[in-house]
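User: Please take me through the assignments made for this structure, setting each value against its criterion.

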Amino acid sequence: MRRSVNSWVFVGQNRLPSSFITIFMVVAAVAVFPGCKNDKEPQFRQDGSLDFLRKEASGTMTTLSSITIEVADEPTEMSQGLKYRSSMRDDQGMLFIFPLEGPQSFWMQDTKVSLDILYVNNALLIVHIAEKTVPFSEAPVPSLKPARYVVEVVAGYCAERGIRVGDYIQTRPN
């Protein structure tokens with residue numbers, strides 16, 4: 001079987017098929033121009049609601065505030081998080097659910113909005129709050145204590161509503 005000269009590209013003494021060169025050029029273009037990816041901003045998905053609660057001395061729970069939540073419990077959703085969103089209402093947030101309680105760490109890579117990140121243990125107790133995180137930062141934002149759940153809300157939300165370490169969360173699905 002004879003190959004057409006046009007189906008090969010010659011590089012020095014080696015012959016490479018033109019399909020190889022085409023694939024190489026596409027891969028190189030994606031590497032050189034990463035901004036050409038689909039930058040369509042993800043839309044908020046309302047999966048349920050979340051209440052921030054405080055346990056009073058009497059043992060009763062008082063609701064401090066409530067938000068609608070988008071739940072991230074699959075690896076692809078957790079990896080995406082709130083990346084590429086240019087805004088978020090203060091009555092919205094994202095709840096990350098991990099399979100086990102343990103050390104957690106987030107970063108703000110490709111996240112355009114400053115956030116308060118709340119780390120919550122198995123007992124639904126808030127164990128750490130990282131307030132006013134820096135957009136686009138690749139610095140780790142660790143839980144400092146074991147956590148199973150992570151809640152992200154707009155920066156300043158916790159301070160404005162008096163939410164602090166030692167408060168609780170409660171969720172309700174739609």
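This is a predicted model: local features need pLDDT of at least 70, side-chain atom pairs count only at pLDDT 80 or more; totals for chains, interfaces and linings use all residues.

Analyst: Residues are numbered from 1 along each chain as its sequence is written, and side-chain values use heavy atoms, with hydrogens and water left out.

User: Why is the contact between Arg85 and Glu70 called a salt bridge?

Analyst: The term requires a side-chain nitrogen of Lys or Arg within 4 Å of a carboxyl oxygen of Asp or Glu. The closest N and O atoms of Arg85 and Glu70 are 3.0 Å apart, so the pair qualifies. Arg85 lies in the loop between α2 and β5 (92-102) and Glu70 in strand β4 (residues 61-72), so this bridge ties together parts 15 residues apart in sequence. Helices (H or I, at least four residues) and strands (E, at least two) are DSSP runs, numbered from the N terminus.

User: What makes Arg85 and Glu70 buried?

Analyst: Buried means under 20% relative accessible area, exposed over 50%, and partly exposed in between (1.4 Å probe, protein chains only). Arg85 has a value of 6% and is therefore buried. Glu70, with a relative accessible area of 6%, is buried on that criterion.

User: How do you know that Glu77 and Arg45 form a salt bridge, and how exposed are they?

Analyst: Their N to O distance is 3.5 Å, which meets the cut-off, so the pair counts. Glu77 is in helix α2 (residues 75-80) and Arg45 in the loop between α1 (18-32) and β3 (48-55), 32 residues apart. Bridges with shared partners join Arg45, Asp47, Glu70, Glu77 and Arg85 into one network.

User: Why is Ala159 called exposed?

Analyst: Ala159 has 57% relative accessibility, and therefore counts as exposed. Ala159 is found in helix α3 (residues 157-161). Not counting residues up to four places away in sequence, Ala159 touches Asp116 and Glu131 (contact means heavy atoms within 4.5 Å).

User: What makes a group of residues a nonpolar core, and which members of the largest one touch the most others?

Analyst: A nonpolar core is a set of buried Ala, Val, Leu, Ile, Met, Phe, Trp, Tyr and Cys residues joined through side-chain atoms within 4.5 Å. The largest has 36 residues, of which Phe52, Ile117, Leu118 and Val151 touch the most other members. Strand β10 (147-154) is among the elements that give two or more residues to this core, and β10 gives the most, with six residues. Beyond its neighbours within four places in sequence, Leu118 has contacts including Phe52, Tyr149 and Val151.

User: Why is the Phe96 and Phe106 pair called edge-to-face?

Analyst: Rings of Phe, Tyr and Trp (its six-membered ring) pair if their centres lie within 6.5 Å; planes under 30 degrees apart count as stacked, over 60 as edge-to-face and the rest as tilted. The centres of the Phe96 and Phe106 rings are 4.8 Å apart and their planes lie at 85°, so the pair is edge-to-face. Phe96 lies in strand β5 and Phe106 in strand β6 (residues 105-106). Both Phe96 and Phe106 are buried.

User: What makes Phe98 and Phe106 edge-to-face?

Analyst: Their ring centres are 6.2 Å apart with planes at 80°, so this pair is edge-to-face. Ring pairs link Phe96, Phe98, Phe106 and Tyr119 into a cluster.
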